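Work through the exercises below with the sequence and the model at hand. Each task is followed by its solution.

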Amino acid sequence: MAVSAALFGLMIGSFLNVCIFRLPIRESIIINSSHCAHCDRVLAPEDLVPVLSYFFLKGKCRYCKNYIGSRYPLVELLTAIVFYITVFKIGYDLFLVKYLFLFSLLIVVFFIDLDHQIIPNRLVMILLLWGLGWQVIIPEILWLHALFGSLLGGGFLFILAIVYNGGMGGGDIKMMFAAGFFMGPQLTGFALYLGFLCGAAVGLMLLLLKIKKRKDPIPFGPFLAFGIFVSILWGNDIINTYLSFMGLL
C-alpha cells in the first residue's frame, strides 16, 4: 500500500514542480498548460511522465534542447519518498489526507524559499486554513494546545526578528504560526529546535566550505519545513524516549 502511495507521490510531485516554478512569478498553476521554461512550447503527455521523461529526454527539452534541470525529478522523487514514509508511519487513516497535503505544501515552501528567499502569503494562508478546517471538523488536539502552538511558533520567531533587527523573515514567522496550529506547543518547540539545529549545522558547513560568507543570507524556511515534518511524524516518540532516558518519564 505504501508503494501505491509512493507512485501517487510521483504524480503529485510533478504538480508541485509547477507550483514551485509558477507561484513566485504569479503565473496560474491551473489555467496554463505545462510548457518549457525556455522555449514556452506546450509539453506533450509523454514529456510529463514523472522521473522517466527526464531520463528518456536526457534532461533536455524535446523541442529547444535546453537543459531542464535535475530539480524536477528530484522534487518528484522527494514527494514519493515523503508520501511513502507518511503512509508507512500513519497508515491509511483519515488524518493521512491532512498530513499528505501539509507535507506537499512544505515541499513547495522548501524549494521556493531556497530559490527566492520568500514564503508566499497564499501558501501560508492555505496552510492556516487547512489546519483550522481540520481542527473545526475533526480536532486532533485540544483547541488550547493548537492556539498555544501557533503563539509559540510565530511568537518566538517574531521576538527573534525584533531582537536581531529583522534577522528572521516574515514568511518564517507566519509559516510557524500556521504550522503550530497543527502541532501544539510541545511539537512546535521541537520543530523549532530541529530547524535551528539543522540551520546552524548547514550554515557552518557552508561557511567552512566558503560557499557562503558570514553576512550572506541563508533561507530558514527549508529547515523549518524539515523540522515540522520530523516533529509531526516522530516528535512524540523522540521526546518520550529522551524523557525516559533522563528518568523524567
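**Exercise 1.** Find which helix gives the largest share of the nonpolar patch.

Solution. Helix α6 (residues 143-163) gives the largest share, 3 residues; helices are DSSP runs of H or I with at least four residues, numbered from the N terminus. The patch covers about 510 Å² and is made by L142, L144, F148, L151 and F177. Patch residues have over 30% relative accessible area and no salt bridge, and nonpolar side chains are joined within 5 Å. L142 sits in the loop between α5 (121-137) and α6. Its relative accessibility is 54%, so L142 counts as exposed (over 50%).

The model is predicted: local features need pLDDT of at least 70, side-chain atom pairs count only at pLDDT 80 or more, and totals for chains, interfaces and linings use all residues. Residues are numbered from 1 along each chain as its sequence is written, and side-chain values use heavy atoms, without hydrogens and water.

**Exercise 2.** State why the pair of F95 and W134 is tilted.

Solution. The whole structure holds 15 aromatic pairs, that is, rings of Phe, Tyr and Trp (its six-membered ring) with centres within 6.5 Å; planes under 30 degrees apart count as stacked, over 60 as edge-to-face and the rest as tilted. For F95 and W134 the centres are 5.9 Å apart and the planes at 40°, so the pair is tilted. F95 lies in helix α4 (residues 95-116) and W134 in helix α5, so the pair ties together parts 39 residues apart in sequence. F95, at 18% relative accessibility, counts as buried (under 20%), and W134 is buried at 12%.

Definitions and conventions: Patches are made of residues with over 30% relative accessible area and no salt bridge: like charges are joined within 9 Å, nonpolar side chains (Val, Leu, Ile, Met, Phe, Trp, Tyr) within 5 Å. Accessible areas come from the Shrake-Rupley method with a 1.4 Å probe; for residues, only the protein chains shown count as cover. A salt bridge is a side-chain nitrogen of Lys or Arg within 4 Å of a carboxyl oxygen of Asp or Glu. Helices (H or I, at least four residues) and strands (E, at least two) are DSSP runs, numbered from the N terminus. Buried means under 20% relative accessible area, exposed over 50%, partly exposed in between (1.4 Å probe, protein chains only).
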